[in-house]
Amino acid sequence: MSVSVLSPSRLPGGIGLLQVASLLVLFLLLLKSAQLFLQRQWLLRALQQFPGSPSHWFFGHSRQIQKDKELQQILKWVEKFPSACPYWVWGSHARVQIYDPDYLKLILGRSDPKDHGFYKFLAPWIGYGLLLLNGQTWFQHRRMLTPAFHYNILKPYVELMVDSVQVMLDKWEELSSQDSPLEIFQHISLMTLDTIMKCAFSHQGSIQLDRPSDPAEEGSPAGGRGAGESPEKEALGFPGHPPPIQSECGRPLSAQLPGLHDGLLVRAHLDQMPYTTMCIKEALRLYPPVPSIARELSKPITFPDGRSLPKGIVVSLSIYGLHHNPKVWPNPEVFDPSRFTPGSAQHSHAFLPFSGGAR
């Protein structure tokens, strides 16, 4: 049976559509492979001044990082490679991890845009707000929100926060008589929810009192203690934490603040508690809420030690690495609030708990 020259399965000259499609796909694959190869070669040249851990030509550093061990791997790089090191996401995509205070200061003083490849997966959840916006739009939104967080605006909410904390402390006072370890995570979460409901939604009542107690959540022997956890580590909910602030200070709060009424803090006392502020800052240093921020360089940059990066390189500002950098913080894994004694060198230049926009 003969096939017509006009048959849809064949083209003039005896070439089939399937063959044409295969050739087209092969051409596109070769073109894309060439683009990825050239991109990798450009990155290798751009990052040659920054030594780093050996990586696989295709998988990058992904095989070196175990699941849920990313932060531990960053700490190893911080100790081995000074100031910064490259991190290969895969064969032709890399970014530079930066954890030196002078490097970060230089980048945060510029107006480089955020790396949308790093943040785009958040857009469907949180929309394009301060975290994802760039440029003039970001400044406009920031200018609109700044008055809402002025101290004079927030002061009336202090008493509501104090009420929520007092409810939590009353519950702890009752549970302390049981002579068993107390897991505070659930209590802190309920207190936070209680505060938000009162301040943001004018809720009357207390979420903490409305919710029935769960023995497992109260830290009773029946539940709440993870396998292998000692009572000492579980008592405060954070392994390695120091004794309570009162013990550290050497005297109760009532002695520090003579005007304290019924154990409640009022607004006038907040600026009389520098040690509490130091403890909060040290906790934020150990566990920063934003571990890293990604920027795409809009123009070349030269760092204080003479090393440079070209336009187009993505830099990851590793706040976690900065806060655990042993060259900046002696014994970085130790909880030591005295690091933030007012006037100290560390207190002024190497602490960055938040950085969602320009500085």
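**Exercise 1. Find where His 61 lies in the chain, and decide whether His 61 is buried or exposed.**

Solution. Begin with the position: His 61 belongs to the loop that joins α1 (17-46) to α2 (70-80), where helices are DSSP runs of H or I with at least four residues, numbered from the N terminus. This is a predicted model, in which local features need pLDDT of at least 70 and side-chain atom pairs count only at pLDDT 80 or more, while totals for chains, interfaces and linings use all residues. Residues are numbered from 1 along each chain as its sequence is written, and side-chain values use heavy atoms, with hydrogens and water left out.

Next, take the accessibility: His 61 has 0% relative accessibility and therefore counts as buried (buried means under 20% relative accessible area, exposed over 50%, partly exposed in between, with a 1.4 Å probe and protein chains only). Finally, list the neighbours: leaving aside residues up to four places away in sequence, His 61 touches Ser 53, Pro 54, Ser 55, Trp 77, Pro 86, Tyr 87 and Trp 88, contact being heavy atoms within 4.5 Å.

**Exercise 2. Describe the span of helix α8 and say which of its residues are buried.**

Solution. Helix α8 covers residues 158-175, which is 18 residues, and it reaches 26 Å from its first C-alpha to its last, close to the 26 Å expected at 1.5 Å a residue (the expected span is 1.5 Å times one less than the number of residues). The buried residues in α8 are Val 158, Val 162, Ser 164, Val 167, Met 168, Lys 171 and Leu 175, and they pack against α7 (151-154), α9 (185-201) and α10 (207-210).

**Exercise 3. Work out how α8 and α9 are arranged relative to each other.**

Solution. Two packed helices are described by the angle between their axes and the distance between the axes. Here the axes of α8 and α9 come within 9 Å and cross at roughly 155 degrees, with axes fitted to C-alpha atoms over the stretch in contact and angles running from 0 to 180 degrees between N-to-C directions. The two helices, α8 and α9, are therefore roughly antiparallel (angles over 145 degrees count as roughly antiparallel, under 35 as roughly parallel, 65 to 115 as roughly perpendicular and the rest as oblique).

**Exercise 4. Compare the setting of Ser 202 with that of Asn 331.**

Solution. Ser 202 sits in the loop between α9 and α10, has a positive phi near 55 degrees, and is exposed, with a relative accessible area of 55%. Asn 331 sits in the loop between α15 (319-323) and α16 (345-349), has a positive phi of about 50 degrees although it is not a glycine, and is exposed, with a relative accessible area of 57%.
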